[in-house]
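User: I'd like to see where the labels on this protein come from. Could you walk me through them?

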Amino acid sequence: MINPAELVDNLVALLRDIPELVAEMEGDAGRIYAYHDQYPKRSSLAEAIHQMPAPAIMAAWQGTQPGSFGGMEVWRHQITLYLRAKETLEGDPPTGYYRLFRLITKGVPRSLGVPLINATVHPACHPMDVPSISRQTDAEGLDYFEVPLSFTEIGDD
C-alpha cells in the first residue's frame, strides 16, 4: 500500500500546474494546498474547512479501503477536494464552482499534457475515477463544495 500523503501531495502539485485553475485562485498557486493530519496541531478537518480563504482548494485524505479491480483485490484511496470560489461581483456570471469543477476534471497540467481526469497522479495508481461534486455547509452556514476523488492502486505495493 502506498503512503496516501504522497498521493495528496502529487494531486496538489498537478492542480497547481493547471494555469487556468491557478488563475481562478487569483494567480496564487499556494491557495491550492494539502491538509495533512498532524496531532494535535492539525486534528480538525472541520476547522481547516472553516478557515479556508476564498478562493481556495484544499485536498485531504479521507481514508483507504479494500476494493477490486479486474478480479484482483486492491486498495482504494479516497481524497476530497474542498472548494471555495472567488468572490462574485454584481453582474458577474455565476460560474465560480462550475468552472472549478471543470478545471479539476478537464484542466490540463502543463507537465503532463493530458486532462487531469486521465492523468497518472501517482505511479502506483490508476487515474482517478469519475468524480462528483456536492454542496456542503460549514459551521457558520456558508456554503462550499466537495469533490470526492477515488484512486485505485495498481496492485499492492
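This is a predicted model: local features need pLDDT of at least 70, side-chain atom pairs count only at pLDDT 80 or more; totals for chains, interfaces and linings use all residues.

User: What makes the protein as compact as a globular protein of its length?

Analyst: First, the layout: four helices and five strands, in the order α-α-β-α-β-β-α-β-β. The radius of gyration is 16 Å, close to the 15 Å that the globule rule gives for 157 residues, so the protein is as compact as a globular protein of that length. The radius is taken over C-alpha atoms, and the rule is 2.2 Å times the number of residues to the power 0.38. Helices (H or I, at least four residues) and strands (E, at least two) are DSSP runs, numbered from the N terminus.

User: Why is Asp138 called buried?

Analyst: Its relative accessibility is 10%, and the limit is under 20%, so Asp138 counts as buried. Asp138 lies in the loop between strand S4 (134–137) and strand S5 (143–152).

User: Which residues is Asp138 in contact with, leaving aside its neighbours within four places in sequence?

Analyst: His50, Arg84 and Tyr144; contact means heavy atoms within 4.5 Å.

User: How do you know that the side chains of Asp138 and Arg84 make a polar contact?

Analyst: They are joined at 2.9 Å. A polar contact is a pair of N or O atoms within 3.5 Å; within protein, one must be able to donate a hydrogen and the other to accept it, and residues adjacent in sequence count only if both atoms are side-chain atoms. So the 2.9 Å pair falls within the 3.5 Å limit.

User: And what makes His122 buried?

Analyst: His122 has 6% relative accessibility, so it counts as buried too. His122 sits in the loop between H4 and S4, and its side chain makes a polar contact of 3.1 Å with the side chain of Glu6.

User: Which residues of helix H4 are buried, and what covers them?

Analyst: In H4 (residues 96–106), Gly96, Leu100, Leu103, Ile104 and Thr105 are buried. Their cover includes helix H1 (4–16), helix H2 (19–24), strand S2 (56–69) and strand S3 (72–84).

Technical notes:
Residues are numbered from 1 along each chain as its sequence is written. Side-chain values use heavy atoms; hydrogens and water are left out. Buried means under 20% relative accessible area, exposed over 50%, partly exposed in between (1.4 Å probe, protein chains only).
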